[in-house]
Amino acid sequence: MANVAVIGAQWGDEGKGKIVDWLAERADVVVRFQGGHNAGHTLVIGDKVYKLSLLPSGIVRGTPSVIGNGVVLDPWALKAEVEKLQAQGVTITPDTLHIAENCPLILPFHRDLDGLREQAAGSGKIGTTGRGIGPAYEDKVGRRAIRVCDLAHLDSLEPQLDRLCAHHDALRAGFGEPPIDRARLLDDLREIASFVLPFAKPVWIMLNEARKAGKRILFEGAQGTLLDIDHGTYPFVTSSNTIAGTAAGGSGLGPSAVGFVLGITKAYTTRVGSGPFPTELDDDTGQRLGERGHEFGTVTGRKRRCGWFDAVLVRQSVAVSGVTGIALTKIDVLDGFDTVKICTGYKLGDQTLDYFPAHAADQAGVEPIYEEIQGWHETTAGARSWADLPAQAIKYVRRIEELIGCPVTLVSTSPERQDTILVRDPFAD
């Protein structure tokens with residue numbers, strides 16, 4: 001049985017939460033391997049809606065869930081999310097939730113710095129969520145981070161605080177802010193430590209033992225490939241690597257453990273915040289996609305920008321993440337269109353491109369080349385087999401497969417967990 005890594009193949013918000021929840025029933029462990037509480041995964045189970053930001057989606061099903069070392073952890077956000085889910089009847093204990101002891105912490109001054117920088121950036125704003133994700137990753141690679149394991153050794157934290165404050169106090173002074181209140185920070189950490197430490201473990205040991213025992217591991221990515229710090233639409237990206245290869249380094253398992261890579265993509269395209277978007281529709285069609293798809297960010301509540309499916313971008317995501325199969329979501333949003341369009345290439349000046357260029361000016365300057373396909377007026381909502389889909393909807397799916405060079409493994413036809421067409425079982429590979 002294969003392990004499965006689930007990653008977003010667009011700019012995030014593709015419906016990973018539902019797919020991970022759908023797969024988690026057959027997984028033995030679910031692992032978050034990058035990002036922080038800037039992620040947003042919505043699960044619809046019966047008449048209940050669960051909104052997750054930091055916790056792995058398997059937690060709702062009671063599947064043992066891991067927050068890996070590649071994640072940056074806001075301990076106060078974790079506590080609030082755990083308490084919220086517990087109020088909805090979800091059981092969360094150290095037996096079901098495991099946090100890597102070498103996971104870096106997001107601290108209050110990270111959130112401060114995130115907001116101060118964005119306010120001062122003017123036209124250079126990149127649309128950060130302001131949750132301290134980027135500054136926390138900066139401290140990690142700057143070798144001055146406070147990690148989960150440090151919560152058990154707060155009395156010996158002074159050398160690390162010296163390094164942190166030497167860096168951050170200078171930055172804060174530049175924004176006219178006072179230095180970090182070290183005494184208050186230590187008090188806050190002592191208070192939250194009692195909540196976090198029972199979940200802290202050397203999860204790499206647990207995961208390697210699970211792999212040796214033949215257990216099925218489900219790696220849950222956050223955001224999407226087009227927000228990857230290296231391969232995304234830089235600088236309008238997140239602060240971590242979102243590609244499937246990160247599942248290994250962000251969990252403590254070797255790359256051979258990743259297995260089947262399932263890329264999640266909507267049947268159209270959306271994006272939250274700033275940055276290039278070649279197929280964006282600023283018209284009634286874009287409005288219709290947004291309204292029918294309920295396109296608002298799970299974390300920020302911001303309205304998502306909407307456009308036609310961009311096969312060039314998804315083909316690029318398939319390549320850089322080594323995607324084995326695609327889960328196509330929200331095909332029901334396209335019901336009722338007379339025609340639908342797919343972007344098959346770009347025009348940039350007098351050039352024709354079959355890839356998305358790296359430079360921001362070129363990205364902003366490309367014009368989509370569209371292929372128009374006959375739509376369908378029958379409903380796809382709730383379909384659970386190919387036989388339930390209109391012929392034109394099947395043609396649309398098949399054309400996407402051809403253009404992105406990757407087979408469709410799953411088709412999601414509504415937010416409901418069981419409204420899913422299984423074409424190929426990722427765990428069986």
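This is a predicted model: local features need pLDDT of at least 70, side-chain atom pairs count only at pLDDT 80 or more; totals for chains, interfaces and linings use all residues.
Biologist: Why is the pair formed by the rings of Y346 and F356 called tilted?

Modeller: Rings of Phe, Tyr and Trp (its six-membered ring) pair if their centres lie within 6.5 Å, and planes under 30 degrees apart count as stacked, over 60 as edge-to-face and the rest as tilted. The ring centres of Y346 and F356 are 5.5 Å apart and their planes stand at 55°, so the pair counts as tilted. A search of the whole structure finds 5 aromatic pairs.

Biologist: What makes this pair a tie between parts of the chain?

Modeller: Y346 lies in strand β14 and F356 in the loop between β15 and α11 (360–365), so the pair ties together parts that are 10 residues apart in sequence. These element names come from DSSP runs numbered from the N terminus, where helices (H or I) need at least four residues and strands (E) at least two.

Biologist: How do you know that β14 and β15 pair, and in which sense do they run?

Modeller: Two strands pair if DSSP finds at least two bridges between them, and 3 bridges join β14 to β15 (residues 351–353), which run antiparallel. L348 stands opposite Q351 in β15, and the two strands form a hairpin with 2 residues between them, where G349 in the turn has a positive phi of about 65°.

Biologist: Which other strands pair with β14, and over how many bridges?

Modeller: β14 (residues 339–348) pairs with β12 (residues 309–310) in the parallel sense over 2 bridges, with C343 as the bridge partner of D310. β14 also pairs with β16 (residues 367–374) in the antiparallel sense over 8 bridges, and G345 stands opposite I369 in β16.

Biologist: Why is Y396 called buried?

Modeller: The relative accessible area of Y396 is 0%, so Y396 counts as buried. Y396 lies in helix α12 and touches A267, F309, L334, V340, K341, I342, I373 and W376, not counting residues up to four places away in sequence, where contact means heavy atoms within 4.5 Å. Y396 and Q374 are 22 residues apart in sequence and 8.5 Å apart in space, C-alpha to C-alpha.

Biologist: What makes a set of residues a nonpolar core, and which members of the largest one touch the most others?

Modeller: Such a core is a set of buried Ala, Val, Leu, Ile, Met, Phe, Trp, Tyr and Cys residues joined through side-chain atoms within 4.5 Å. Of the 91 residues in the largest core, I67, L73, L78, I99, L334 and Y396 touch the most other members. Helix α6 (residues 182–196) gives the most to this core, with 7 residues. Apart from it lies another core, of 16 residues, among them V4, A24, A27 and F260.

Biologist: How do you know that S240 is buried, and with which side chain does the side chain of S240 make a polar contact?

Modeller: S240, in the loop between β8 (217–220) and α8 (246–249), has a relative accessible area of 6% and is therefore buried. The side chain of S240 makes a polar contact with the side chain of Q34 at 3.0 Å; the term asks for a pair of N or O atoms within 3.5 Å, of which, within protein, one must be able to donate a hydrogen and the other to accept it, and residues adjacent in sequence count only if both atoms are side-chain atoms.

Biologist: What makes the charged end of R288 count as sitting over the ring of F337?

Modeller: A charge sits over a ring if NZ of Lys or CZ of Arg is within 6 Å of the ring centre and within 35 degrees of the ring normal. The charged end of R288 is 3.9 Å from the centre of the F337 ring and sits over that ring, and the charged end of R216 sits over the ring of F427, 5.9 Å from its centre.

Key. Residues are numbered from 1 along each chain as its sequence is written. Side-chain values use heavy atoms; hydrogens and water are left out. Buried means under 20% relative accessible area, exposed over 50%, partly exposed in between (1.4 Å probe, protein chains only).
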